[in-house]
Amino acid sequence: QVQLVESGGGLVQAGGSLRLSCAASGLTFSTSVMGWFRQAPGTPEEEREFVGVVSWGGEITTYADSVKGRFTISRDNAKNTVWLHMNSLKPEDTAVYYCAARRGFGLPHGPNEYAYWGQGTQVTVSS
């Protein structure tokens, strides 16, 4: 079965950096669009916020305005892994971060467009 396992979360001071990893198995990673989402404390699952998405080969990425210029997504299809590089972190970035996968084309921002999800990793940014 498909498994997505995130890691790399933790506690960091404002202005700091973290790199989240998502290791995938059970799917054809090289033809899977990979997205990152986050869920802030107290918000329901259906309101998970789009963070960014990367195309099959990694050439195309799009980001939410709230993270543009601070976060970067990269992937290595040989390692079945996608990363979320987070710089200049702010307290409002505090959330559980999820990676998600979908087959097919397009780089959707809506969580309902993604069939597979990881368990999430907590990121806490202190002020």
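A search of the whole structure, which is a predicted model, finds six aromatic pairs. One of them joins Phe 37 and Trp 117: the ring centres are 5.0 Å apart and the planes meet at 50°, so the pair is tilted.

Are the two partners buried or exposed? Phe 37 has 0% relative accessibility and therefore counts as buried. Trp 117 has a relative accessible area of 25%, so it is partly exposed.

The next topic is the strands. The chain has 11 strands and zero helices. Four of the strands make an open sheet, in the order S1-S3-S8-S7, with antiparallel pairing. At its edges are strand S1 (3–7) and strand S7 (71–76), each of which pairs on one side only. From one strand to the next, the twist averages 15°.

S1 pairs with strand S3 (residues 18–25) in the antiparallel sense, over five bridges. Two positions show how they line up: Leu 4 stands opposite Ala 24 in S3, and Gln 3 has Ser 25 in S3 as its bridge partner.

In a regular strand, side chains alternate between the two faces of the sheet.

How many of the six residues of strand S8 (residues 81–86) are buried? Five of the six are, and the strand is mostly covered.

S8 also pairs with S7, again in the antiparallel sense and over six bridges. In this pairing Ser 74 stands opposite Trp 83 in S8. The two strands form a hairpin with four residues between them, and Asn 80 in the turn has a positive phi of about 55°.

Two single residues show what can surround a position in this chain. Ala 95 is found in strand S9 (residues 95–103). Its relative accessibility is 1%, so Ala 95 counts as buried. Leaving aside neighbours within four places in sequence, Ala 95 is in contact with Arg 38, Gln 39, Ala 40, Pro 41, Thr 121, Gln 122 and Val 123. The C-alpha atoms of Ala 95 and Ser 126 are separated by 12 Å, and these residues are 31 residues apart along the chain.

Ser 66 lies in the loop between strand S6 (61–63) and S7. With 34% relative accessibility, Ser 66 counts as partly exposed. Not counting residues up to four places away in sequence, Ser 66 touches Arg 38 and Glu 49. Between the C-alpha atoms of Ser 66 and Gly 26 there are 32 Å, and the two are 40 residues apart along the chain.

The last topic is the chain as a whole. For 127 residues, a compact globule would have a radius of gyration near 14 Å, and the chain agrees with this, because its value is 13 Å. Its C-alpha atoms fill a box of roughly 40 × 30 × 25 Å along the principal axes. Of the 127 residues, 44% count as buried. Among the contacts with a separation of 6 or more, 59% are between residues 24 or more positions apart. The chain exposes about 6,200 Å², and carbon and sulfur atoms supply 49% of that area.

Notes
Residues are numbered from 1 along each chain as its sequence is written. This is a predicted model: local features need pLDDT of at least 70, side-chain atom pairs count only at pLDDT 80 or more; totals for chains, interfaces and linings use all residues. Side-chain values use heavy atoms; hydrogens and water are left out. Two strands pair if DSSP finds at least two bridges between them. Axes are lines fitted to C-alpha atoms, for helices over the stretch in contact, and angles run from 0 to 180 degrees between N-to-C directions. The radius of gyration is taken over C-alpha atoms; the globule rule is 2.2 Å times the number of residues to the power 0.38. Buried means under 20% relative accessible area, exposed over 50%, partly exposed in between (1.4 Å probe, protein chains only). Contact means heavy atoms within 4.5 Å. Accessible areas come from the Shrake-Rupley method with a 1.4 Å probe; for residues, only the protein chains shown count as cover. Rings of Phe, Tyr and Trp (its six-membered ring) pair if their centres lie within 6.5 Å; planes under 30 degrees apart count as stacked, over 60 as edge-to-face and the rest as tilted.
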